[in-house]
Amino acid sequence: MGNSLNSARFLIESRLRDAARGNTRACFDLGIVYSSGAEGVPMDLVEAHKWFNIAAASGSEEAQQCRADIAEDMTAREIIEAQKAARAWLRGLQLRAA
């Protein structure tokens with residue numbers, strides 16, 4: 001059990017590092033992991049929506065479709081929370097790039 005947790009943590013950390021460098025695919029991958037609960041990561045639709053939103057902002061049509069799909073299972077409040085989190089992440093990326 002502990003091993004799958006470690007691999008999940010490693011997966012998330014490596015994808016986060018890539019996402020912080022502006023890697024759209026890494027953002028999409030994070031959305032997939034959080035929306036499916038894959039790799040031993042707890043399912044979190046707010047977090048998934050956030051990552052799909054960030055990937056979609058970079059032009060990923062696949063991410064736009066996934067975001068729309070999971071939004072159907074979310075409350076309006078959850079979607080607002082996810083959008084705020086996505087904006088905050090993107091703002092942070094711009095600050096790091098400046």
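1. Conventions. The model is predicted: local features need pLDDT of at least 70, side-chain atom pairs count only at pLDDT 80 or more, and totals for chains, interfaces and linings use all residues. Residues are numbered from 1 along each chain as its sequence is written, and side-chain values use heavy atoms, with hydrogens and water left out.

2. Core. The largest nonpolar core has 27 residues. A nonpolar core here is a set of buried Ala, Val, Leu, Ile, Met, Phe, Trp, Tyr and Cys residues joined through side-chain atoms within 4.5 Å. Buried is under 20% relative accessible area, exposed is over 50%, and partly exposed is in between (1.4 Å probe, protein chains only). The members that touch the most others are Ala 19, Tyr 34, Trp 51, Phe 52 and Met 74. Two or more residues come from each of helix H1 (2-20), helix H2 (24-36), helix H3 (45-57), helix H4 (61-71) and helix H5 (76-97). H3 gives the most, with eight residues. Helices are DSSP runs (H or I, at least four residues), numbered from the N terminus.

3. Ala 19. This residue of helix H1 is buried, with a relative accessible area of 0%. Not counting residues up to four places away in sequence, Ala 19 touches Ala 26, Cys 27, Leu 30, Trp 51, Trp 89 and Leu 93; contact means heavy atoms within 4.5 Å.

4. Aromatic pairs. The structure holds two of them. Rings of Phe, Tyr and Trp (its six-membered ring) pair if their centres lie within 6.5 Å; planes under 30 degrees apart count as stacked, over 60 as edge-to-face and the rest as tilted. The pair of Phe 28 and Phe 52 is tilted, because the ring centres are 5.6 Å apart and the planes stand at 55 degrees. Phe 28 lies in helix H2 and Phe 52 in helix H3, so this pair ties together parts 24 residues apart in sequence. Both Phe 28 and Phe 52 are buried. For Trp 51 and Trp 89 the centres are 4.8 Å apart and the planes at 70 degrees, so that pair is edge-to-face. Trp 51 in helix H3 and Trp 89 in helix H5 are 38 residues apart, and both are buried.

5. Helix H4. Ala 63, Cys 66 and Ile 70 are buried in H4. Seen down the helix axis, the buried residues of H4 fall within an arc of 65 degrees, so they line one face. The arc is taken from the directions from the helix axis to the C-beta atoms. What covers these buried residues includes H2 and H3.

6. Ser 60. Located in the loop between H3 and H4, Ser 60 counts as buried because its relative accessibility is 14%. A polar atom of the Ser 60 side chain lies 3.0 Å from the backbone nitrogen of Ala 63. Beyond four places in sequence, Ser 60 touches Thr 24, Phe 28 and Ala 55.

7. Tyr 34 and Pro 42. Leaving aside neighbours within four places in sequence, Tyr 34 is in contact with Ile 12, Val 41, Pro 42, Met 43, Asp 44, Glu 47, Ala 48 and Trp 51. Pro 42 sits in the loop between H2 and H3 and counts as exposed, at 61% relative accessibility. Pro 42 and Ala 8 are 34 residues apart in sequence, and their C-alpha atoms are 9.6 Å apart in space.

Methods:
Polar contact = N/O pair within 3.5 Å; in protein donor to acceptor, adjacent residues only side chain to side chain.
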